[in-house]
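I opened a new notebook page for this chain. I wanted to look things up one by one and write down what I found.

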Amino acid sequence: LDAQKGGGVSQVMVRGAQKAQAQAKAQKLADARNTNGSQLDAQKAGLKLACPTCKAQMPSYKLLQQHFDSKHPGTCPPEDQCRS
């Protein structure tokens with residue numbers, strides 16, 4: 001009877017170790033998912049140029065030129081913001 005109890009305790013301890021490992025793995029995966037999160041900060045960091053007329057932000061000078069062509073025809077984009 002004592003041998004059976006001893007065997008049962010070791011199985012519980014092994015299962016406890018598996019449970020702890022599973023919890024650690026699940027926590028690691030949850031942390032990885034949380035770090036991916038929103039891309040808003042990365043998007044804000046990429047916006048480097050602003051249209052002086054309407055204050056719209058653009059990530060590149062080429063897009064600023066396209067913006068001027070479509071939204072502000074007849075005006076030219078400023079050259080001082082060129083290729084930052």
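Predicted model: local features only at pLDDT ≥ 70, side-chain atom pairs only at ≥ 80, totals over all residues.

My entries follow, from the whole chain down to single residues.

**Entry 1: confidence**

I looked up the average pLDDT of the protein chain and found 78, with 74% of the residues scoring at least 70. Then I went through the elements. Helix α1, residues 2–36, has the lowest mean pLDDT, at 72. Helix α3 has the highest, at 91. I also marked residues 8–12, where pLDDT stays under 50. For that stretch the model has zero contacts beyond four places in sequence.

**Entry 2: layout**

Next I read off the elements. I counted three helices and two strands in the protein chain. Their order along the sequence is α-α-β-β-α.

I then checked burial over the whole chain. Of its 84 residues, 12% count as buried. The accessible surface comes to about 7000 Å². Carbon and sulfur atoms account for 55% of that surface. Residues 24 or more positions apart make 9% of them.

**Entry 3: the core**

Which residues make up the largest nonpolar core? I listed six: L49, C51, M58, Y61, L64 and F68. Helix α3, residues 61–71, gives the largest share of this core, with three residues. I noted the general rule beside it: in soluble globular proteins, nonpolar side chains tend to be buried together.

I turned to α3 itself. Its buried residues are Y61, L64, H67 and F68. Why do they fall on the same side of α3? They do so because they cover an arc of only 110° around the axis.

What do the buried residues of α3 pack against? I found β1 (49–50) and β2 (57–58). On the other side of α3, K62, D69 and S70 are exposed.

L63 is in helix α3 and is partly exposed, with a relative accessible area of 35%.

H67 lies in helix α3. Is H67 buried or exposed? H67 is buried, because its relative accessible area is 10%, and the cut-off for buried is under 20%. I set aside its neighbours within four places in sequence and listed the contacts of H67: C51, C54, A56, M58 and H72.

H72 sits in the segment after α3. H72 is also buried, at a relative accessible area of 15%. With the neighbours within four places again left out, H72 is in contact with C51, T53, C54 and H67.

**Entry 4: cysteines**

How many disulfides does the structure hold? I found zero. C51 is in no disulfide, and the nearest cysteine sulfur, that of C54, is 3.6 Å away. A disulfide would need the two sulfur atoms within 2.5 Å.

I compared accessibilities next. C51 counts as buried, at 1% relative accessibility. C76 counts as exposed, at 67%.

**Entry 5: the loops**

I finished with two loop residues. K55 is in the loop between β1 and β2. Its phi is near 65°, a positive value in a residue other than glycine. K55 counts as exposed, because its relative accessibility is 59% and the cut-off for exposed is over 50%.

S60 is in the loop between β2 and α3. I read a relative accessible area of 28% for S60, so S60 is partly exposed. The C-alpha atoms of S60 and K48 are separated by 7.1 Å, and the two residues are twelve apart along the chain.

Note on methods: Residues numbered from 1 in each chain as written. Heavy atoms only, no water. Helix = DSSP H or I, 4+ residues; strand = E, 2+ residues; numbered from the N terminus. Buried < 20%, exposed > 50% of the residue type's maximum accessible area, 1.4 Å probe, protein only. Contact = heavy atoms within 4.5 Å. Areas by Shrake-Rupley, 256 points an atom, 1.4 Å probe, with all protein chains shown as cover. Core = buried A, V, L, I, M, F, W, Y, C linked by side-chain atoms within 4.5 Å. Arc of directions from axis to C-beta. pLDDT = per-residue confidence, 0-100.
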